[in-house]
Amino acid sequence: MASRSKISPAEEQAEVPKERGGIQSLERAFAIVEEIARHREGINLADLSKTVGLHNSTTFHLVKTMAQLGYVSQVRDSKRYRIGSKLFTLAAGALEENSFLAIATPVLESLTGETREAAHFAIRSGNQVVVIARTAGSGLLQMVDRNGGQRPAHATALGKVLLSALNDAQIRQFLGREPLRKFTPKTIAERDALLREIEEVRRRGIAYDDGEFDADIRCVAVPVHDFAGRVSGAVGISGAVWRLSLQSLQGMAQPVREAAKLISNQLGFNEKKTARVA
């Protein structure tokens with residue numbers, strides 16, 4: 001019987017760098033993707049290489065491969081690199097409504113437990129604002145709603161937050177050309193006034209609904225961000241006007257912000273890294 005050849009210690013050690021090299025390549029590739037994702041306007045090769053701590057040639061070969069696979073794209077004029085469409089497609093598939101529901105529901109339950117008010121999580125789907133997760137408060141009067149229920153964007157705090165992620169032209173397109181419906185005397189139905197309201201939401205990062213959709217209900221909502229720093233949803237609470245004065249509603253803003261932060265973190269959002277490149 002032929003004897004099996006034995007691997008010498010030197011040969012065994014020679015295999016280790018290969019294994020480490022493979023792992024290191026993955027680490028480098030993901031570091032590049034994460035850095036590109038933090039730059040919404042794109043990043044050039046020199047700055048990318050410097051930030052991730054790699055030689056230009058190493059970064060170039062890695063990013064070229066990712067571009068060929070569709071995970072990274074290069075802007076023709078500026079030569080800057082941006083996240084590719086394939087990565088967005090994968091992310092969108094992973095963050096479908098069922099995933100949002102699983103992530104948001106326990107956070108909303110905690111928010112309701114702390115505030116004793118109904119909590120909601122909504123996303124923009126096409127030209128609709130859709131509530132995909134909610135928990136009921138303890139008060140006698142609650143907004144009648146269900147998961148999957150649609151809300152008017154211009155008349156709700158959740159909708160205003162989602163509109164704030166669009167520019168003014170996109171907002172007008174989103175709302176269409178028909179007159180905006182007045183649900184109550186407080187509904188903001190004039191487009192220019194609504195745009196001013198949305199600009200204030202962008203500036204402050206929070207939106208209020210003072211009986212604008214339902215005259216008996218007040219709401220507060222804040223944005224939820226995804227891994228690329230985009231507004232991917234809105235979380236908020238609502239309660240009866242006689243129980244929630246505007247002052248008390250403002251006082252509940254902090255737990256709503258904390259809830260949004262928890263959901264955002266689970267979607268891959270890193271506030272410190274986003275702020276660093278803003």
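## An aromatic pair

Phe 213 is partly exposed, at 24% relative accessibility, and Phe 183 is partly exposed too, with a relative accessible area of 26%. Partly exposed here means between the buried limit (under 20% relative accessible area) and the exposed limit (over 50%), using a 1.4 Å probe and protein chains only. This is a predicted model, where local features need pLDDT of at least 70 and side-chain atom pairs count only at pLDDT 80 or more, while totals for chains, interfaces and linings use all residues. Residues are numbered from 1 along each chain as its sequence is written, and side-chain values use heavy atoms, with hydrogens and water left out.

Rings of Phe, Tyr and Trp (its six-membered ring) pair if their centres lie within 6.5 Å; planes under 30 degrees apart are stacked, over 60 edge-to-face, and the rest tilted. The count by this rule is one aromatic pair. The ring centres of Phe 183 and Phe 213 are 5.1 Å apart and their planes stand at 80°, so the pair is edge-to-face. It joins distant parts of the chain, 30 residues apart: Phe 183 sits in the loop between α7 (168–175) and α8 (191–204), and Phe 213 in the loop between β6 (207–210) and β7 (217–225). Helices (H or I, at least four residues) and strands (E, at least two) are DSSP runs numbered from the N terminus.

## A buried lysine

Now to helix α6, where Lys 160 has its place. Is Lys 160 buried or exposed? Lys 160 is buried, as its relative accessible area is 0%. Its side chain makes a polar contact (N or O atoms within 3.5 Å, one able to donate a hydrogen and the other to accept it; sequence neighbours count only if both atoms are side-chain atoms) with the side chain of Glu 212, at 2.7 Å.

Leaving aside residues up to four places away in sequence, Lys 160 touches several others, including His 154, Glu 197, Tyr 208 and Glu 212. Contact means heavy atoms within 4.5 Å.

## Both ends of α2

Asn 44 caps the N-terminal end of helix α2 (residues 45–52), with a side-chain oxygen 3.3 Å from the backbone nitrogen of Ala 46. Just after α2, Gly 53 adopts a positive phi of about 75°.
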